[in-house]
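I hope they are handy while you look through the coordinates.

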Amino acid sequence: MEKSRSNFTGNIGFIFAAASSAVGLGNLWRFPYLAAKYGGGMFLLIYFILAVTFGFTLMVTEIAIGRKTRLSPMEAFGALNRKWGWLGKLTTLVPVLILPYYCVIGGWVTKYGMVMISGDVAQSADDNYFTSFISSTTSPLIFFLIFATLVAVIIFLGVNKGIEKFSKILMPMLVVLTIVLTVFVLTREGAGEGVVYYLKPEISHLSIKTILAALGQLFFSMSLAMGIMITYGSYVRKEDRIEKSVRRIEFFDTLIAFLAGLMIVPAVFAYSGGNADALGKGPSLMFVTLPKVFNGMPFGGVVGALFFVLVFFAALTSAVSVMEAIVAGIDDKYKIGRKKATAIVYVYAVAIGVFCSLGFGILNHIKLFGFDILDFLDFLSNSVMMPVVGMLTCIVVGFIVKPKTIIEEVETNGKFKMKKFYTVMVKWVAPVFIFIILVSSVLEALGVISI
């Protein structure tokens, strides 16, 4: 007898929830940075090709596993093949590592949003403002707790009243805000040079490094190998079409990433004299460079406030999906109910998040293999665990339970048009490329290569 389980009320609810999960901080700061670093147009072209091939394959796999088993990844792999049940635990470890530090960064976004809304854009543009903020003790902890608590409240409300309801509201707002800000930026003097750089493919920028960078960004951007899509897939109704849903999720995710680049790259070009190097990596772009850009443009306070509201929504929806993957896993494994599971995960996230936050202040002397606490968790989850989980998932589907298991689930209510292509991708192409990502990420972190 099939286990009773909450479901999304409809296909649109699932698409918005899954797309909201995929659209996160990686789309809004990592994508523009990588696009600028690897030549703009050529990076975009490669990314789009990989999204409809590589990304499509992995997302179909994970959603189909979830719907077939009606379980979170903690138990789903064991339901497919008992000998591979350990992979479910390994998969669940990824969001466990991500949640605390993601909520800390969400707290930073919350702080900057309030600063921009209050009209202090000039203050936030100061060279030392960001470093001074994250190295303090009380302020970053307060904003971290606000963000983490809000995430927990949404999870506590459940699949329909929490995740689906908020996703239906926030996802359209994300799209509208991104379009409004992009249009505004494109009308600024000097933005045209950035648009050309961002959109025009140059064959000279085609390289193995560009392909690996685009593939790595796709891997992290679409919430793959984190247990999230398996968890959300377990809430999908049997009458909903997986293949069509995946295409729509990819569309929303890619649209936001594309518009984020179209907004940020021309803006930085316009207000930094056409210097692509100003698009610094990670926090330096979001919390140092962009406040300077907003401070230098007309209506910068308003634009900055709208931008950080946009980033806040993106961070919130992604954090919700990360926490849900853990909560669902605990509930499936120990049958304690989602409210108790949510409380346990919230306490864990706060406990570890405190160390992540203080790692830039009074605990900055603590280093893990040369990393700050937050940076170490980020490296371990993104550069090591996710590629390992993705590669092993492809091996299990490709050679243990066989692609036909996924194909049959996808074809529950219609023909799987891409099944031959899917089989080749999941057995041979995807695991090989993921292995290359894993090796290159580790070697880059060790300073052996530069990507």
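1. Helices are DSSP runs of H or I with at least four residues, numbered from the N terminus. A word on provenance: this is a predicted model, where local features need pLDDT of at least 70 and side-chain atom pairs count only at pLDDT 80 or more, while totals for chains, interfaces and linings use all residues. Residues are numbered from 1 along each chain as its sequence is written, and side-chain values use heavy atoms, with hydrogens and water left out.

2. H3 has a kink of about 45°, centred on Ala51. The bend at a residue is the angle between axes fitted to the seven residues ending there and the seven starting there. Of the 29 residues of H3, 24 are buried, so the rest of the structure largely encloses this helix. Buried means under 20% relative accessible area, exposed means over 50%, and partly exposed is in between (1.4 Å probe, protein chains only).

3. Positive phi values deserve a look. Most residues other than glycine have a negative phi. Phe369 has a phi near 55° and sits in the loop between helix H16 (338-358) and H17; at 74% relative accessibility, Phe369 counts as exposed. Lys402, in the loop between H17 and H18, has a positive phi of about 75° and is partly exposed, with a relative accessible area of 40%.

4. Helix H18 (residues 403-410) is mostly covered, with 6 of its 8 residues buried. Those buried residues are Pro403, Thr405, Ile406, Ile407, Glu409 and Val410. What covers them? The cover includes H3, helix H4 (73-80), H13, helix H17 (373-400) and helix H19 (419-445).

5. Asp240 belongs to the loop between helix H12 (228-233) and helix H13 (242-271). Is Asp240 buried or exposed? Asp240 is buried, at 5% relative accessible area. Its side chain makes a polar contact with the side chain of Arg237 at 2.9 Å. A polar contact is a pair of N or O atoms within 3.5 Å; within protein, one must be able to donate a hydrogen and the other to accept it, and residues adjacent in sequence count only if both atoms are side-chain atoms. Leaving aside neighbours within four places in sequence, Asp240 is in contact (heavy atoms within 4.5 Å) with Gly10, Asn11, Arg67 and Asn413.

6. Thr110 lies in helix H5 and is buried, with a relative accessible area of 11%. The Thr110 side chain reaches the backbone oxygen of Gly106 at 2.8 Å. Leaving aside neighbours within four places in sequence, Thr110 is in contact with Phe143, Phe147 and Phe312.

7. Now the aromatic rings. A search of the whole structure finds 36 aromatic pairs. Rings of Phe, Tyr and Trp (its six-membered ring) pair if their centres lie within 6.5 Å; planes under 30 degrees apart count as stacked, over 60 as edge-to-face and the rest as tilted. Tyr112 and Tyr129 form an edge-to-face pair, 5.7 Å centre to centre with 80° between the planes. This pair links distant parts of the chain, with Tyr112 in helix H5 (residues 85-117) and Tyr129 in helix H7 (residues 129-135), 17 residues apart. Tyr112 and Tyr129 are buried. The rings of Phe307 and Phe308 have centres 5.3 Å apart and planes at 85°, so this pair is edge-to-face; both residues are buried.

8. Ring pairs also link up into a cluster, whose members include Trp29, Trp108, Tyr112, Tyr129, Phe307 and Phe360.

9. Two arginines sit over ring faces: Arg188 lies over Phe184, at 4.1 Å from the ring centre, and Arg247 lies over Phe56, at 3.8 Å from the ring centre. The criterion is NZ of Lys or CZ of Arg within 6 Å of the ring centre and within 35 degrees of the ring normal.

Methods
Helix = DSSP H or I, 4+ residues; strand = E, 2+ residues; numbered from the N terminus.
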